[in-house]
Amino acid sequence: MQVRRLELKNFRSYEAAELEFSPEINVLWGENAQGKTNLLEAVAWLTAAKSFRTRRDSELIAFGAERMSVCADVESRGRAFRIEASVQPGVRRSVTVNGVKKKTAAELSGVFSVVVFCPGDLELIQAGSPVRRRFLDGAICQLYPRYAAALAEYGRLREHKTRILRDWESKPDLLDTLDDFSLRMAAAGAVLVRTRAAFLEKLQPAAARFHRDCSGGREELTLRYETKVADPAADGPAVARCLYEDMQRHRRAEIDSRSCLTGPHKDDIAVFIDGREAKTYASQGQVRTAAIALKAGEWEMHRLVLGERPVLLLDDVLSELDETRQSFLRERITGGQVFLTCCQLPGGAVGGRLFHVSRGAVTAQ
Ligand SMILES: Nc1ncnc2c1ncn2[C@@H]1O[C@H](COP(=O)(O)OP(=O)(O)OP(=O)(O)O)[C@@H](O)[C@H]1O
Ligand SMILES: [Mg+2]
């Protein structure tokens, strides 16, 4: 997938811009607050009329303007699409693809997709497990809509069980249904555990390859799915049984603590660099490399599952990285279109095209 041409009118800091991109790496450089992230945001927004920075479309309209519009020529699944979208307060958002109106964001999301790395994603390595679960679940949901249904079902059952655990003292009868909820959570949870384990097994080599190449062959990244289930690759009923047994072992503790203590909502991805836990031992540059590698793994998963890589948007990835890593990101990521922002004019070569961004104007160099 690739964006060939992009036209912005009154999109954030851009009054008007028209750009043509390389199918390979596009490096956007410029000082702070010049509009680099705004440009990535415009590309990402087109995938589902959704920004990675805000929920409010009105924020995307340039200060003082009444309406913004974005138009892009993209190539996806071997076909060419023109996506045109505009936002105006008080008027229904309009999106067309090849001239045909799209009513919902879901209809638009099938046209083309992106994987975004933004500075907040550095948390992937060092923050608590919810961040990594969100990454994993989010990546899987994009590729397997049925997983989203299982995840929602598990969430509903967990909420219900939590209510039982919270309210049983005032309504002791509630405890009669506790085991049944554990059983149903275990059945839904087995889908999560098996899918996540299979997904990570495929993502791991792609992330490891990226990390190895980026570090000049010096570092080995490994990912391990951390779950209570001894064999997540076992069949569904076996995994469900394992989850249920663990819930039963924690039954008393769950009643006492009034919360669901065990299940796939507690699972995690353990990240290791050269065999040591990255969370504890990795340097800043290693943390950054590993976080980008996880995203690159997600990028590759699209290719394995859907046959095509989405556009990869890397916002502000170069700082804290040594020259080996920087030059890999600038020059040598292959297999799809990449947009990368940075503050300084890159010293070495650029794999595709170089753009200078200054005060909402973009100049190809
Ligand atoms: N709706 C808007 N209208 C006009 N300008 C806006 C709007 N929203 C944001 N901006 C401005 O756009 C500017 C550039 O933002 P952007 O995040 O793209 O900068 P950047 O080049 O990525 O900088 P940094 O290197 O600091 O990340 C900001 O100064 C911000 O005030
Ligand atoms: Mg920025």
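Which residue in S11 stands opposite Ile273? In this predicted model, Ile273 faces Arg276 of S11, where helices (H or I, at least four residues) and strands (E, at least two) are DSSP runs numbered from the N terminus. Residues are numbered from 1 along each chain as its sequence is written, and chains are lettered from A and ligands numbered from 1 in the order in which they are written. Local features need pLDDT of at least 70 and side-chain atom pairs count only at pLDDT 80 or more, whereas totals for chains, interfaces and linings use all residues.

The pair formed by Ile273 and Arg276 belongs to the two bridges that join strand S10 (residues 268–273) to S11 in the antiparallel sense; two strands are taken to pair if DSSP finds at least two bridges between them. Three strands make up an open antiparallel sheet in the order S9-S10-S11, with strand S9 (221–226) and strand S11 (276–277) at the edges, each pairing on one side only. Asp274 lies in the loop between S10 and S11 and has a positive phi near 50° in a residue other than glycine. Asp274 counts as partly exposed because 14 C-beta neighbours lie inside 10 Å, given that a residue is buried if 20 or more other C-beta atoms, placed from the backbone, lie within 10 Å of its own, exposed if 12 or fewer, and partly exposed in between. A positive phi near 50° is also found at Asn98, again a residue other than glycine, which is placed in the loop between strand S6 (91–97) and strand S7 (100–101). Asn98 is exposed, because 11 other C-beta atoms lie within 10 Å.

Strand S8 (residues 114–117) pairs with S12 over four bridges in the parallel sense, with Val114 opposite Val311. S12 is also joined by three bridges to strand S13 (residues 338–342), again running parallel, and here Leu313 has Phe339 as its bridge partner.

Leu313 and Phe339 are, together with Val43, Ala290, Ala293, Leu314 and Leu340, the residues with the most contacts inside the largest nonpolar core, which has 80 residues; such a core is a set of buried Ala, Val, Leu, Ile, Met, Phe, Trp, Tyr and Cys residues joined through C-beta atoms within 7 Å. Helix H10 (residues 284–306) supplies the largest share of this core, nine residues. At least three residues come from each of domain 1 (2–113 + 310–364) and domain 2 (124–280), the bounds being those of an automatic or database domain assignment.

Among the helices, H6 (residues 178–214) bends by about 30° at Leu203, with a proline, Pro205, following within four residues; the bend is the angle between axes fitted to the seven residues ending at a residue and the seven starting there. Just after H6, Gly216 adopts a positive phi of about 65°. His160 is found in helix H5 (residues 145–167) and counts as partly exposed because it has 14 C-beta neighbours inside 10 Å. His160 and Leu312 are separated by 152 residues in sequence and by 39 Å in space, C-alpha to C-alpha.

Ligand 1 has 16 residues around it, of which Asn32, Ala33, Lys36, Thr37 and Asn38 come nearest, a residue being near if its C-beta atom, placed from the backbone, lies within 6 Å of the molecule.
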